[in-house]
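Hi,

Here is the structure I promised to pass on.

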Amino acid sequence: YFFPESIVLYEEWLIGADIPFPPEASEYITTSFSSFVDETCAKAHPYTSGLCWDAAFVFPYLETPFLVVNNIFDSSQLQFLLWINDGSSDSKGYLAYYGSTLVNSVKKNINSTDQNGYFLTACLDHTGNLCMASQTTIQDLSYARVLEDWFYDKDKIPHTLLDQCWQPGVLPCNPVCNLHLC
């Protein structure tokens with residue numbers, strides 16, 4: 001579950017407030033959903049350990065290689081955590097802001113020289129298009145193929161994949177996002 005660093009809630013973004021998603025909200029989510037919290041991170045941040053549910057916050061504490069698989073526009077996060085729920089031009093602006101913030105957060109924490117990787121599709125979905133049978137591809141590579149190559153250290157294909165149609169300010173653009181086979 002990758003949550004963008006320093007993201008601002010939709011209602012606050014609308015009025016120009018620049019207050020990142022508050023730690024109290026992360027603590028609430030962690031408690032409400034009994035989310036796993038990395039012990040090393042929690043020990044380093046005893047008063048804000050709720051932030052350790054967030055992949056962007058916990059990255060420095062992880063020793064095991066990981067592959068971030070995420071839609072650039074995670075519909076669940078946008079609707080249920082950040083409270084965006086209309087189709088106005090403002091919400092489209094926020095959607096573009098969210099996508100850019102997520103991509104920047106992932107790229108900041110993962111580089112192509114380590115064992116970690118990412119597969120970021122420019123889709124507005126939670127996980128419905130991210131399964132082994134999915135038609136969603138990046139550079140003609142499916143998630144299943146990337147995962148296999150990354151997991152078994154084959155290193156025959158790239159492991160840092162960003163949807164080629166995406167660029168800052170662009171809305172969901174992958175043409176096969178809605179082909180759910182999961």
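The part I looked at is an open sheet of 3 strands, in the order β1-β2-β5 and with parallel pairing. Keep in mind as you read that this is a predicted model.

The edges of the sheet are β1 (67-74) and β5 (160-162). Each of these has a single partner strand, so one side of each is left without a neighbour in the sheet. From one strand to the next, the twist averages 20°.

If you want to see how β1 is held against β2 (residues 117-125), follow the pairing: the two run in the parallel sense and are joined over 7 bridges. A handy place to start is V69, which stands opposite F119 in β2.

Then there are the helices. Helix α6 (residues 89-109) packs on the sheet and touches β1, β2 and β5. The direction of α6 makes about 165° with that of β1. Helix α7 (residues 143-151) also packs on the sheet, again touching β1, β2 and β5. For α7, the angle with the direction of β1 is about 155°.

One residue I'd click on is N70, which lies in strand β1. Is N70 buried or exposed? Its relative accessible area is 6%, and the cut-off for buried is under 20%, so N70 counts as buried. What is N70 in contact with, leaving aside its neighbours within four places in sequence? The list is F2, L102, F119, L120, T121 and L130.

Cheers

Methods
Residues are numbered from 1 along each chain as its sequence is written. This is a predicted model: local features need pLDDT of at least 70, side-chain atom pairs count only at pLDDT 80 or more; totals for chains, interfaces and linings use all residues. Side-chain values use heavy atoms; hydrogens and water are left out. Two strands pair if DSSP finds at least two bridges between them. Helices (H or I, at least four residues) and strands (E, at least two) are DSSP runs, numbered from the N terminus. Axes are lines fitted to C-alpha atoms, for helices over the stretch in contact, and angles run from 0 to 180 degrees between N-to-C directions. Contact means heavy atoms within 4.5 Å. Buried means under 20% relative accessible area, exposed over 50%, partly exposed in between (1.4 Å probe, protein chains only).
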